[in-house]
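This report is meant for a reader who is looking at the protein for the first time. Please keep the sequence and the model in view while reading.

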Amino acid sequence: MEHVQVLITGGGIGGLSAAIWCQRLGLSCLLVEKADHIGGQLLHIRNEIVDFPPRVYPHGYDLLEDLKLHPAIQTLHPRLEEAVISIDPLTHIVTTTKNSYQADFVIVATGVSANVIPALEGCSRVLSTEFSTTAQAPLITGQDIAVIGGGDRALESAANLSKFANRVDLLIRSHHLRARTQWTTRLDELPNLRVFWETQIDTYEVRDEKIALKLRSVGSGQPYEIVVDWILPRIGVHGNSDSFPSLATFGDGYLQTDDFQRTSPEWIYALGDVSNGASYASLSLAVGQAMKAVKHISLQIQHP
Ligand SMILES: Cc1cc2nc3c(=O)[nH]c(=O)nc-3n(C[C@H](O)[C@H](O)[C@H](O)COP(=O)(O)OP(=O)(O)OC[C@H]3O[C@@H](n4cnc5c(N)ncnc54)[C@H](O)[C@@H]3O)c2cc1C
């Protein structure tokens, strides 16, 4: 079995920054990434990144290209298409889809995944959670679209799509919005937007290349339907922590950590989105936490 000093799980900006800090502090590390490429969510950012100083990046792709030029990343040799499936809290054995490792320390930087709506499983007219309502909105020009959710991303998506769509239906499960005023105040300005409050989706039916969504009022139980061309779920994300059931979460799969990014057991650290919750998800926080975690590991090694 391969021995690893620091095993980093996840090749998003958090995991990659941890690898840079390992090299800087003289620790040997191995980065294991589930996908066939590094970058994680960076590849889904199609907006301008204005809050990761000093540069303003047109897209996440540009930031990733810069990151790939970093000397520590060029010599990293991440193990791609290899997912961590379990960490034994007692033996330090990490099992992946390809291998087993004996790790002194583990850093979990597995990010988040979008929540899905079980009632829409198999529906071919559900847009990917990575659909960009800025870059790809012209693709739905003149069509009817249902956006599902009541948070910032749902409202932002509805506002962006309304410029191109024939009609946007916003389906909200509760009777209030969770979005910032910046977005809620814009709703009234969108002439082709209909809002369906306290609405849940029961099922769907394909009808003449359109989708009939069978809806139900959460309050009264009254069924009704709308017909649309496309559906865009924007119902939030959850932490990718299913493979680590022994680690405590603070809800929705987000891993609990202390001030040094340690979980319990203390040799397993967590950082980035998987430990931050949706409200604090950001590139800068993931990068800062990577520094803190690796520096703490380095101090543990020097002064156990
Ligand atoms: C559309 C969009 C726009 C955004 N815009 C901004 C912005 O402008 N500014 C900003 O600061 N932030 C922005 N963010 C948030 C930012 O992208 C994230 O906070 C950041 O990328 C999180 O990095 P991470 O390394 O924690 O996780 P991720 O980037 O999600 O990386 C996690 C990696 O772990 C891998 N993985 C998952 N499970 C396993 C496993 N079991 N084994 C091995 N590997 C695994 C995944 O494949 C992934 O590559 C945006 C996010 C999105 C989606």
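## Two domains

The protein is divided into domain 1, covering 2–114 + 237–302, and domain 2, covering 118–233, with bounds that come from an automatic or database domain assignment. Taken over C-alpha atoms, the centres of the two domains are separated by 33 Å. Across the boundary, 4 residues of domain 1 are in contact with 5 residues of domain 2, where contact means that the C-beta atoms of two residues, placed from the backbone, lie within 7 Å. The side of domain 1 that touches domain 2 has 1 nonpolar, 2 polar and 1 charged residues; in this scheme Ala, Val, Leu, Ile, Met, Phe, Trp, Tyr, Cys and Pro count as nonpolar, Asp, Glu, Lys and Arg as charged, and the others, Gly among them, as polar.

This is a predicted model, in which local features need pLDDT of at least 70 and side-chain atom pairs count only at pLDDT 80 or more, while totals for chains, interfaces and linings use all residues. Residues are numbered from 1 along each chain as its sequence is written.

## Around the ligand

The ligand is surrounded by 35 residues, of which the closest are Gly-10, Gly-12, Gly-40, Gly-111 and Gly-272; a residue is included if its C-beta atom, placed from the backbone, lies within 6 Å of the molecule. By class, this shell divides into 14 nonpolar, 17 polar and 4 charged residues. Helices α1 (13–24) and α7 (283–302) each supply at least two residues of the shell, the helices (H or I, at least four residues) and strands (E, at least two) being DSSP runs numbered from the N terminus.

## A sheet of three strands

Strands of a sheet pair through backbone hydrogen bonds, either parallel or antiparallel. Here an open sheet of 3 strands has the order β10-β11-β12 with antiparallel pairing, and two strands are taken to pair if DSSP finds at least two bridges between them. The edge strands, each pairing on one side only, are β10 (199–207) and β12 (223–228). From one strand to the next the twist averages 25 degrees, based on axes that are lines fitted to C-alpha atoms (for helices over the stretch in contact), with angles running from 0 to 180 degrees between N-to-C directions.

Strand β10 pairs with β11 (residues 210–217) over 8 bridges; Tyr-204 has Leu-213 as its bridge partner in β11, and Glu-205 stands opposite Ala-212. These two strands form a hairpin with 2 residues between them, and Asp-208 in the turn has a positive phi of about 50 degrees. On the other pairing, 6 bridges join β11 to β12, with Val-227 in β12 as the bridge partner of Ala-212. The hairpin of β11 and β12 has 5 residues between the strands, and Gly-221 takes a positive phi near 80 degrees there.

## Two residues in their surroundings

Val-32 lies in strand β2 and counts as buried because it has 25 C-beta neighbours inside 10 Å. A residue is called buried if 20 or more other C-beta atoms lie within 10 Å of its own, exposed if 12 or fewer, and partly exposed in between, with C-beta atoms placed from the backbone. Although Val-32 and Pro-78 are 46 residues apart in sequence, their C-alpha atoms are 5.9 Å apart in space.

His-44 is found in the loop between β2 (29–32) and α2 (60–68), and with 17 other C-beta atoms within 10 Å, His-44 is partly exposed. Not counting residues up to four places away in sequence, His-44 touches Gly-60 and Glu-130.
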